[in-house]
Amino acid sequence: MSEPQIVPDDNEMYVQAVDLVRRENKVATSFIQRHLRIGYNRAHRTIEEMERRGVISAANNMGVRTVISQTLDDQETKDVGGVQGQRLTSFIERVERLEEEKSALMEDIKEVYAEAKGVGFDVKAIRKLIALRKMDANARHEAESILDLYKSAVGMV
C-alpha cells in the first residue's frame, strides 16, 4: 500500500489544516472536518499526510496524536544525504516524549512500592513475585527447579 499523498488541489487546504492544528495544538479528524468544512475521508488523508511529513506524531495506544513541529517550513531540519531531516526529528521527538512518560511511570511505581512498604509489605518479595508472574508457568517451574538444585549443591537445603 502506497503512502497517502495530498494532491495539488488540496495543497491550500493542507496548509490551512496545518496552521489550524499548530495554532490550536489539537489533532483530530472531526476537529479538522468542522473547522475546514470538509468530509471525513479528506480530513483523515490530511492527518495521515501531516504524520508522514512529521508535523504530528503517530497515534499512541489511546489514539491520541500530538503536534510535533511548530513551523510549516522548519529551517532547522534538512534532507541531507538521503536522510529526511524532518522525519528523523519526528522519530527523535516521539522517543523523547515516550522517555518522559516512562520516567513519570517509574516515579509512580516507586510511590506504589513506598506505599506497600509503609503498610508493612516486603518490597523485595513483591518485586520477586512480579518477576515470577511475568514468566510463563513452564519457565517459572524450570527456574525454580534449577534454583533448588543449586541450593542443594551448595548445602543451603
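Which residues of helix 2 (residues 29–36) are buried?

Modeller: First, some notes on reading the model. This is a predicted model, in which local features need pLDDT of at least 70 and side-chain atom pairs count only at pLDDT 80 or more, while totals for chains, interfaces and linings use all residues. Residues are numbered from 1 along each chain as its sequence is written, and side-chain values use heavy atoms, with hydrogens and water left out.

The buried residues in helix 2 are Thr29, Phe31, Ile32 and Leu36. Buried means under 20% relative accessible area, exposed means over 50%, and partly exposed is in between, with a 1.4 Å probe and protein chains only. Helices (H or I, at least four residues) and strands (E, at least two) are DSSP runs, numbered from the N terminus. Down the axis of helix 2, the buried residues fall within an arc of 165 degrees, so they line one face of the helix. The arc is taken from the directions that run from the helix axis to the C-beta atoms. Helix 1 (11–24) and helix 3 (40–52) are among the elements that cover these buried residues.

Asn25, in the loop between helix 1 and helix 2, has a phi near 50 degrees. Its relative accessible area is 54%, so Asn25 is exposed. Just after helix 2 comes Arg37, with a positive phi of about 55 degrees. Arg37 belongs to the loop between helix 2 and helix 3, and with a relative accessible area of 77% it is exposed. As background, most residues other than glycine have a negative phi.

The largest nonpolar core has 17 residues, and Val21, Ile32, Met50 and Ile56 have the most contacts inside it. Such a core is a set of buried Ala, Val, Leu, Ile, Met, Phe, Trp, Tyr and Cys residues joined through side-chain atoms within 4.5 Å. Helix 1, helix 2 and helix 3 each supply at least two residues of this core, and helix 1 gives the most, with six residues. In soluble globular proteins, nonpolar side chains tend to be buried together. Ile56 shows what such a position touches: apart from neighbours within four places in sequence, Ile56 is in contact with Val21, Val27, Ile47, Met50, Glu51, Arg65, Thr66, Val67 and Ile68. Contact here means heavy atoms within 4.5 Å.

A salt bridge is a side-chain nitrogen of Lys or Arg within 4 Å of a carboxyl oxygen of Asp or Glu, and the count comes to six salt bridges. Glu49 pairs with Arg52, the closest N and O atoms being 2.8 Å apart. Both residues lie in helix 3, three residues apart, about one turn of the helix. Glu49 is buried, with a relative accessible area of 0%, whereas Arg52 is partly exposed at 23%. Glu49 also forms a salt bridge with Arg53, with 2.7 Å between the closest N and O atoms, and Arg53 is partly exposed at 31%.

Another salt bridge joins Lys110 and Glu107, where the closest N and O atoms are 3.7 Å apart. These two residues are three apart in helix 4 (residues 85–118), about one helical turn. Shared partners, in turn, join Glu49, Arg52 and Arg53 into one network of salt bridges.

Now the whole chain. The chain has six helices and two strands, in the order α-α-α-β-β-α-α-α along the sequence. Of its 157 residues, 23% count as buried. The accessible surface comes to about 11900 Å², of which 54% belongs to carbon and sulfur atoms. Accessible areas come from the Shrake-Rupley method with a 1.4 Å probe, and for residues only the protein chains shown count as cover.

Val83 sits in strand 2 (residues 83–84) and is partly exposed, with a relative accessible area of 42%.
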